[in-house]
Amino acid sequence: MDDRFAWAGPPPAEVPPEPPKRIPLEIPWISWFVLAVLLLGCLCPVLPKDPAYMDLAHTSLPPSRAFWFGTDAMGRDIFSMIWYGGRISLFTGFAAAAVSTLAGIVFGAASGFAPRWADALLMRLTEILLSIPGLLLILLLQGTLGKPNVVSLSLVIGATGWTGIAKVVRTEVLRLRESGFVAAAQCMGGGFFHILRRHLAPNLLPSILFMVVMNVRSAILTESTLSFLGLGLPLEVISWGSMLSLAETALLSGAWWMILIPGGFLTAALLCVTSIGSGLRRWLNREQSNL
């Protein structure tokens, strides 16, 4: 516009910029509800029948009013076995995820704080473990410990599932170790575990929250796979995986309820955990984009 001409009248009103549109966050309420029902049902101390009782007079019965989910080839009530076995499967999943999370945080933080040569050595070790098939490593460790039980299998699954978390934690520690609060803690004489617990862990958990939830799903699936193959928990230890280990007999006898019902509960739990993990990832991505 030519500077020789002046604007006559009041100045034009400035149009305020439009606020950024916030994308509504979709919370998987159905998945939370179904998973809560499964947890409450598994934690309920009252079961209609003894899940380990072998009623040989009522073997391989289809669902009925007396046996809501039918019975298996040994006469055990599948309805009671579902809720009792869910305790074992869910405990294995959460315990293994806790072990893998703790190991991944400690190993990744130690690698991030270590000198360059030690960091490279620890990362090469992590990559070697990542290259070994998980089931093979679990079988090797479990064979060393002896006959599997719930605690040992949870420890073994957790001890083989920390590598992904460790790599993410190392990346975050490399970014945070030059921060002012970490330097101040070191100047005040804070040790490695003090700094990790008080300063690094609160900043690391949001980055690995999605991986922790996915580790719960992976641990439940691994336990079920091993038990289905006859390489996990013994048959007398009731879990969703050990119930599916009778699938071959059920298929030959046409007892569909022995496969469909435990498989349906296992699939529902895995889908709920996966949906919740995806929701947490979307929430974390949204929070980071708002920053």
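## Disulfides and cysteines

A disulfide is a pair of cysteine sulfur atoms within 2.5 Å. The bond is covalent and joins the sulfur atoms of two cysteines. This model is predicted. A search of the whole structure finds 0 disulfides.

C42 has a relative accessible area of 2%, under the 20% cut-off, so C42 is buried. C272 is at 6% relative accessibility and therefore also counts as buried.

## The largest pocket

The volume of the largest pocket is about 280 Å³. Its lining comprises 21 residues. Closest to the pocket centre are G134, I138, I157, T160 and G161.

Which helices each supply at least two residues of the lining? They are helix 2 (78-113), helix 3 (116-131), helix 4 (134-145), helix 5 (150-159) and helix 8 (192-228). By residue class, the lining of the largest pocket holds 12 nonpolar and 9 polar residues. It has no charged residues.

## E172 in helix 6

E172 sits in helix 6, which spans residues 163-176. Is this glutamate buried or exposed? The relative accessible area of E172 is 16%, and buried means under 20%, so E172 is buried.

The side chain of E172 makes a polar contact with the side chain of R175, at 2.5 Å. Leaving aside residues up to four places away in sequence, E172 touches L204 and S207.

How values were computed: Residues numbered from 1 in each chain as written. Predicted model: local features only at pLDDT ≥ 70, side-chain atom pairs only at ≥ 80, totals over all residues. Heavy atoms only, no water. 1 Å grid on protein atoms, 1.4 Å probe; cavity = no way out; pocket = protein on both sides within 12 Å on 5 of 7 lines; lining within 4 Å. Points joined across faces, edges and corners; volume = space filled by probe spheres on them. Helix = DSSP H or I, 4+ residues; strand = E, 2+ residues; numbered from the N terminus. Nonpolar A, V, L, I, M, F, W, Y, C, P; charged D, E, K, R; others polar. Buried < 20%, exposed > 50% of the residue type's maximum accessible area, 1.4 Å probe, protein only. Polar contact = N/O pair within 3.5 Å; in protein donor to acceptor, adjacent residues only side chain to side chain. Contact = heavy atoms within 4.5 Å.
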